[in-house]
Number of protein chains: 2
Amino acid sequence: MTVSKRTAFATEESLHRIFTIPEAPDSTLGRIEQEISQNLAGFLGEHIAAQEQALSEIEKDFSCSAIPEQPTFVSDHMHHLLDKVVSQSVHTSSPSFIGHMTSALPYFILPLSKLMVGLNQNLVKIETSKAFTPLERQVVGMLHRLVYQQKDVFYQEWMHSANHSLGAFCSGGTVANLTALWVARNNLLKADGEFKGVAREGLYKALKHYKCEGLAILVSARGHYSLKKSADILGLGQDSVISIPTDNNNKIDSQKLRAKCEELAKQNIRILSIVGVAGTTETGNIDPLNEMADIAQAFQCHFHVDAAWGGATLLSNKYRPLLAGIERADSVTIDAHKQMYVPMGAGLVVFKNPSSVAAIEHHAEYILRKGSKDLGSHTLEGSRPGMAMLVYASLHVISRPGYELLINQSIDKAKYFAELINQQADFELVTEPELCLLTYRYNPKIVQYYLGHCSNEEQLELNNLLDKLTKFIQKRQRENGRSFVSRTRIEVEKYQNKKTLVFRVVLANPLTSKSILADILSEQLELAQESHTFLPELLSKST
Amino acid sequence: MTVSKRTAFATEESLHRIFTIPEAPDSTLGRIEQEISQNLAGFLGEHIAAQEQALSEIEKDFSCSAIPEQPTFVSDHMHHLLDKVVSQSVHTSSPSFIGHMTSALPYFILPLSKLMVGLNQNLVKIETSKAFTPLERQVVGMLHRLVYQQKDVFYQEWMHSANHSLGAFCSGGTVANLTALWVARNNLLKADGEFKGVAREGLYKALKHYKCEGLAILVSARGHYSLKKSADILGLGQDSVISIPTDNNNKIDSQKLRAKCEELAKQNIRILSIVGVAGTTETGNIDPLNEMADIAQAFQCHFHVDAAWGGATLLSNKYRPLLAGIERADSVTIDAHKQMYVPMGAGLVVFKNPSSVAAIEHHAEYILRKGSKDLGSHTLEGSRPGMAMLVYASLHVISRPGYELLINQSIDKAKYFAELINQQADFELVTEPELCLLTYRYNPKIVQYYLGHCSNEEQLELNNLLDKLTKFIQKRQRENGRSFVSRTRIEVEKYQNKKTLVFRVVLANPLTSKSILADILSEQLELAQESHTFLPELLSKST
């Protein structure tokens, strides 16, 4: 940094510099940027603290609420970020970070994302995005075709049609699910005679007009929490989300779903949507979509599939059949930032019928004029970045067969890990992997045996202790910082269907090796021994 | 690209490469990345097409709906992107692009955004974001303090409190406004006796319980379209947004607002929120916020201020008084991606009361557990990127006084441009700039005179022709590609309050010079002459 730059902001002209003069390649930021380009993993490795800091300690570095009155030099600020933010961020691209759905990114994404940011397009309208608008429509079209497999003529007719849309690009799966249910609600409670429709007159008048007592959204007990959130936002209320029990494989029980539909009809409650889950967040299982489609057809309601996480499986010809029936859904959510290896901020919802989105169409005088192809007239969000370019590039560079390799490999790895867990006497596999997600826990052989032969009360007590042990191991492992698995609580049939704490792993990182998986189990075994209260108590109660 | 890379994807191992081996600095992508770092403007300049292509032509390049079955080499794909996307994107950072709120970015943002993408944090929970969580809370706290100016102790108590939140980071202003109204709705229709609250039971039962006929959102006729969209989503219906007329300066008429509030009370319609606009999208004016706060207080309703665009003005000590009264709002929307020069995807809403967000709190078993500091328990969105880091860095590197210089300079420039327009006989300034936004049109001196002396019918006819001329000039100027102003339609008092088509300019780019502004007017004058139908007709009718 030159001396003249050090006197920055003394004048207006000098402030212009930050808009006109890029960082010199030999500046701190320039050097760091090169390091990131050259080896992100290495760069992060060098800067990650060996010892985890407590959140309360980290918060001290972020405690000032005043906006600085003095400018900081870019180079100094970069050192600060490395020291206080990067070193204390989560190494989501690490092959031993197998706890959540956020995974590694291909390298070509990094320079492309800088290009995306530099272009700073706003996809709400063509005037601020131009070619990005047809590009996004094409990406949505490709995902639509991945789900619905319509013919070329279908896409020729609808993909670029001004008054239609094959879906919406969103910041994530929550907005995608919300958009799907918003469309479903507005189509169900549409204009009718004097009534101008729910979009205009609201839910209160809509339900009065249609003379029904309420609306319901039916989803398995494993449905994502964004559905209750959506029901709240849409004015239906969280209680309108009716949780249907699952079978042993965490799939919705179709018979119970059908029975509930019949019951609701008698109560004069309209079904807004049946929601299938294609890859539950907690266990990775896929609902019987064809059976659900039959029920949705019988009760003439919207059928949405939340495939935010599992939707990418459609790219694998080998595993696509697991999602059979998805093509019968009225709407489908897929997150590109999950198993499509695109950075955070890329959710999508596709609609079978290109006219569905007319139910949420809106216009304004300065943009989104009627007949325009502005994407903003059919999206929940307004201004949005050109993330679609990263999905577009990934689809071209990786291609469908490349994605198939990645998906198949992840599932194979999960099956391998399940075997590994089964082979270890002191671990208990809780849910088998259908996709690349499974749950398990540390459970000493002797306790496992005892659990199968004791009274219900004793079982509850032991499982309570096991829950504490699982939590202890999970937290300690995270704090050690070498690897990370997440934890959740799910009902387990053989344990009286009580909620049981389990480790949850998602094996989507292509770099996670078999030896890393073995190491993770070894570390958990060691950590279990460090629990000087729970483990001895467990063992003493199991003899 | 090496030969071994050219056989990519033949095996699983080779697919790993895209996750492990960065692009070589001498690859096409590496080279392009360096060029972008060194000079984005220059890079874009070289790649921008001289001649605008029709959208229908561009669409041909994005017409294939099939996901590629063959991988493309990164380098080849990059050439494709340059050729088909970058060259046909909109040059939003150009100093002569003065049509929308999307502006230039400081250079240090580009490498930082690559770091952000590379870290790929997910802000929904601490387990995937760690230090980014307190960082985001600090950024929200800083913006809260910018608006509400509470003391240090306030922020010490609330900024990092697990069960409170000073606001929510959102993908943009639409989600921010929606979040504010969602919070307002849930707090208004809260649990009461047997009634479990609108969040649980929905709007239908809520309105029945509270025995009211409907809800209303009151905003000036210049309110942003996202408010009607929000009312639709929230189940209130677009018609619940009541448009209050504005005065000559496009500010809400407080007397009419108060009268409407009284009228609604008599109709047993509850006011959900009064919404003040601080920087209208179309004219840049600020509502009388103190007067509105008085009315909101009198009617005991939520007071939201949509300062998505104008909120950054608070960073200027000189112009801050224009927003006097904003500190009395219950919630305020500010977009960092507008006048805070952060890339697309950074909206914020702040709440005066740190407990307000409890109304939208939600939990799940695998994340957002009760008592955790996970940000996702109080946001509409789920998974979100670490955009807050870019706001954080900008606040530190630019600092408040730096922002003040930028804001003041933009407003001064708008005042200068207004003078320039006033000096030119054949232009008509339609709305004076209060912030850095103004509207005007080309209108020959003789026509201007005639408009002031003709009958109402003749005036309508002339304005109709002028509308066509304005549209012609605006489209032609955009197609020429040297500069861009936008257009909108606003009611103009002196023309019988009829909607009139005007040029709209936003002068937020620090690099827009006085000579560029003069050139834009010259070009518009020339383009007017090219209109061989509208202009002669106008002139002949005005004599």
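1. Start with one residue of this predicted model. A:Ser89 sits in the loop that joins α6 (74–84) to α7 (109–119) in chain A. Is A:Ser89 buried or exposed? Its relative accessible area is 9%. Buried means under 20%, so A:Ser89 counts as buried. The side chain of A:Ser89 has a polar atom 2.8 Å from the backbone oxygen of A:Val86.

2. Which surfaces meet? Of the interface residues of chain A, 100% are also interface residues in chain B, so the copies meet through the same surface. Chain A brings 172 residues to the contact, and chain B brings 172 residues.

3. Now the area. The size of an interface is often given as the accessible area lost when the parts come together. Between them, chain A and chain B bury about 15100 Å². Carbon and sulfur atoms account for 64% of that area.

4. Polar links come next. Twelve salt bridges cross the interface of chain A and chain B. One of them pairs the side chains of A:Asp239 and B:Lys196, at 3.3 Å from N to O. Polar contacts between chain A and chain B involve 61 residue pairs, with both residues at pLDDT 80 or more.

5. Last, the make-up of the side of chain A that touches chain B. Helix α15 (residues 388–423) of chain A gives the most to that side, with 14 residues. By class, that side of chain A holds 83 nonpolar, 54 polar and 35 charged residues.

Technical notes: Residues are numbered from 1 along each chain as its sequence is written. Chains are lettered from A and ligands numbered from 1 in the order in which they are written. This is a predicted model: local features need pLDDT of at least 70, side-chain atom pairs count only at pLDDT 80 or more; totals for chains, interfaces and linings use all residues. Side-chain values use heavy atoms; hydrogens and water are left out. Contact means heavy atoms within 4.5 Å. Helices (H or I, at least four residues) and strands (E, at least two) are DSSP runs, numbered from the N terminus. Buried means under 20% relative accessible area, exposed over 50%, partly exposed in between (1.4 Å probe, protein chains only). A polar contact is a pair of N or O atoms within 3.5 Å; within protein, one must be able to donate a hydrogen and the other to accept it, and residues adjacent in sequence count only if both atoms are side-chain atoms. Buried area is the accessible area (1.4 Å probe) that two parts lose on being put together, summed over both. A salt bridge is a side-chain nitrogen of Lys or Arg within 4 Å of a carboxyl oxygen of Asp or Glu. Ala, Val, Leu, Ile, Met, Phe, Trp, Tyr, Cys and Pro count as nonpolar, Asp, Glu, Lys and Arg as charged, and the others, Gly among them, as polar.
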